[in-house]
Amino acid sequence: MSATILKQTIIMLMLILVGVLCAKTKIISKETNKQLSSFVLQVVNPILILMSFQKDYRPELARNLLITFGLSVLAFAVMICASFLLVRTKDGRETAIERFASTYSNCAFMGIPLLNALFGTEGVFYLTAFIAVFNFAVWTHGVILISGEKDFKQVVKVLYSPTIIAIVLGIILFFAQIKIPSVPAQALQHIADINTPMAMIVSGVTMSQTNVFNMLKKPRIYYVCLLKLLVIPLILTMILSLFDIDEKVRLTIIVAAAAPPAAMCTLFSIKYGRNSLYSSEIFTAGTILSIITLPVVVKITEKIGRLL
């Protein structure tokens, strides 16, 4: 599986480079990229998630989905605590951004294509549980962390986001065994299929706005990426190894957690007046380094799984 991850991350890197090229040649502007990002997050991702639930009911699928949800809650509790302990407050340091980046990953943008490549729609099916917990956590704890203010109104907004609506609707259709008719299902699947190229091109355009040479001169970025891409995912691997669970469930959570830092860190930094340049640099460095770290984390997880 680590070989599949490596192959997929190389493919994704090539797609990211297309995005960089489109940005450098001004085919896609910064403003257009924001619209494309919204299109992926609010239309393509939810449709892909919805279609992942269009499968025949099996007791093990339902059981594994519930297990993934419970372990995802545990995973976020571990990641939040680990980032708090490993990123210490210090004058002149962007502690909030570093803790956010160490906790929250691009679990939808990167996780969906990776798990789709590993396990097909079953992988995306389990990932929806992680994404649901991610959305709740990032719009509560994440917003409070970056803004410095408690705004529990965000909890209500989470409940009617396109992603959560797609998850709830998908669960209803799955348990009721209601199938979308053939023609609209094919149309929706065509939209779902553009998720990987669209998401990676958008990431590439975002990364092109970063001065790579300046980024390479900041050792702190490497520390944050080390936490996000290796240290915290491996802590989770050890914890999840204590549970007797399906290997697909274990790898779904690990891959989602080990994905590069979330682009939402930059969006929140812009909105709440934080250092958006620094958050963008962490995003860029993390995305590049994940090509190496993701296969490593998956390989270690597989080896630990065989020992148990």
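This is a predicted model: local features need pLDDT of at least 70, side-chain atom pairs count only at pLDDT 80 or more; totals for chains, interfaces and linings use all residues.

Colleague: Which parts does the pair tie together?

Modeller: Lys 179 sits in the loop between α8 and α9, and Asp 56 in the loop between α2 and α3, so the pair links parts 123 residues apart in sequence.

Colleague: And is Asp 56 buried or exposed?

Modeller: Asp 56 is exposed, at 54% relative accessibility, while Lys 179 is partly exposed at 38%.

Colleague: How many salt bridges does the structure hold?

Modeller: Six. One of them pairs Lys 248 with Glu 122, with the closest N and O atoms 3.2 Å apart. Lys 248 belongs to helix α13 and Glu 122 to helix α6, so that pair ties together parts 126 residues apart in sequence. Glu 122 counts as buried, at 14% relative accessibility.

Colleague: Nice, tell me about α6. Where does it bend?

Modeller: At Val 138, by about 35°. Gly 148 follows α6, with a positive phi near 80°.

Colleague: Changing topic: which residues form the nonpolar patch on the surface?

Modeller: Val 212, Phe 213, Leu 216 and Tyr 222, with about 420 Å² of accessible area together. Helix α11 gives the most, with three residues. Phe 213 is in that helix, α11, and is exposed, with a relative accessible area of 68%.

Conventions: Residues are numbered from 1 along each chain as its sequence is written. Side-chain values use heavy atoms; hydrogens and water are left out. Patches are made of residues with over 30% relative accessible area and no salt bridge: like charges are joined within 9 Å, nonpolar side chains (Val, Leu, Ile, Met, Phe, Trp, Tyr) within 5 Å. Accessible areas come from the Shrake-Rupley method with a 1.4 Å probe; for residues, only the protein chains shown count as cover. A salt bridge is a side-chain nitrogen of Lys or Arg within 4 Å of a carboxyl oxygen of Asp or Glu. Helices (H or I, at least four residues) and strands (E, at least two) are DSSP runs, numbered from the N terminus. Buried means under 20% relative accessible area, exposed over 50%, partly exposed in between (1.4 Å probe, protein chains only). The bend at a residue is the angle between axes fitted to the seven residues ending there and the seven starting there.
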